[in-house]
Amino acid sequence: MVSSSDLDWAVLVDGVVNANHSEQTRAVARALQTAKIIEPGTSGVFGGMVFSHDLVHFIGGTQDSNENLTRRILMLLESSFIEIRDSDNSERVWENVVKNILKRYFEEDVHFRPGRHRVPRFLLNDITRYWRTICVDYAAKHREQDGKKWALRNAKIRLSRKLLFAAGVAFCFNCQLSPPPANGSAGIPSVQTFIKSALEFARTPPLEYLAQFISAHVTGRSKRKRVIRNIFGSYNRWLLLMRNPRVRRALTELTHSDASNRVEFKQVRNLGSQFAAGLRELFFNRCMDADKIANLSLDYVGF
């Protein structure tokens, strides 16, 4: 699988091990090196071979490590398949693993009822757990790496990582707001139709899916304009910043003591605040509130 956040990647293996798997891993690594794409992080979560068994069967419980949770949720939120050769079966492997993960979330959710309670809480809770894990790991990595690259990680949490969480929440809400068409004489969509809808979500880039969600459910013209400006305007400027080698280098090398004086970090902080404001209005239907407790809830419990 390949994800878009600085190309975290892993070669996903589904089925029996064979001698070609290691070569596939090396072939992907060589291709990315030739393309001069930034390598995955140093934590070891990405950049190697992953077997589908753990992604599908270890959801929750003591065997579901942070690494496994991260790989599984990113598999749903931002992964894609790549073909090394025209004859390989990368798409089939990707689809088979994603379907089996989704079957776990939808078929084993005791609260999910296609006819009434349609928000997949099992999936939503795991997406939320992934988001909170990222935030906690930010502090752990800061200590382990003695503050190196803290500003770049901080920027990603404010924008690209938060985008993944928002898109995941939007999909779960959309199961209730716009459920897939009903099938059968009962006029109720089956669990399988929700899984099919979730598979299409997994194929859609998170920014694109969030745009579709806003288009479908934000009907007020002025609110839609504000939400679009805050979310997509800030994110577009963030992407432009990350394309600038000087800005990226500055964030990579920035220390805490210099952060308040560097224009690059101020830009990221402002864009992150604007992005969060758009998400708050989208999901909580308000931008500002005089209630101090409500503001803390919005900032620390929500977005």
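Modeller: The model is predicted. A search through the whole structure gives 13 aromatic pairs. In one of them, the ring centres of phenylalanine 81 and tryptophan 94 are 6.4 Å apart, and the planes meet at 55°. Planes under 30 degrees apart would count as stacked and over 60 as edge-to-face, so this pair is tilted. Phenylalanine 81 sits in the loop between helix H3 (66-77) and helix H4 (90-107), while tryptophan 94 belongs to helix H4. The pair therefore ties together parts that are 13 residues apart in sequence. The two residues also have their own accessibility values: phenylalanine 81 is partly exposed at 26% relative accessibility, whereas tryptophan 94, at 4%, is buried. Elsewhere, ring pairs join Phe106, Phe112 and Phe194 into a cluster.

Next comes the helix contact. Helix H5 (residues 121-144) packs with helix H6 (residues 150-177) at an angle of about 175°, and their axes are 9 Å apart. That angle makes H5 roughly antiparallel to H6. The contact of H5 with H6 is made up of 15 nonpolar, four polar and four charged residues.

Last, the cysteines. The structure has zero disulfides. For cysteine 175, the closest cysteine sulfur is that of cysteine 172, at 6.2 Å, which is too far for a bond. Cysteine 175 is buried, with 3% relative accessible area, and cysteine 135 is partly exposed at 27% relative accessibility.

Notes
Residues are numbered from 1 along each chain as its sequence is written. This is a predicted model: local features need pLDDT of at least 70, side-chain atom pairs count only at pLDDT 80 or more; totals for chains, interfaces and linings use all residues. Side-chain values use heavy atoms; hydrogens and water are left out. Rings of Phe, Tyr and Trp (its six-membered ring) pair if their centres lie within 6.5 Å; planes under 30 degrees apart count as stacked, over 60 as edge-to-face and the rest as tilted. Helices (H or I, at least four residues) and strands (E, at least two) are DSSP runs, numbered from the N terminus. Buried means under 20% relative accessible area, exposed over 50%, partly exposed in between (1.4 Å probe, protein chains only). Axes are lines fitted to C-alpha atoms, for helices over the stretch in contact, and angles run from 0 to 180 degrees between N-to-C directions. Angles under 35 degrees count as roughly parallel, over 145 as roughly antiparallel, 65 to 115 as roughly perpendicular and the rest as oblique. Ala, Val, Leu, Ile, Met, Phe, Trp, Tyr, Cys and Pro count as nonpolar, Asp, Glu, Lys and Arg as charged, and the others, Gly among them, as polar. A disulfide is a pair of cysteine sulfur atoms within 2.5 Å.
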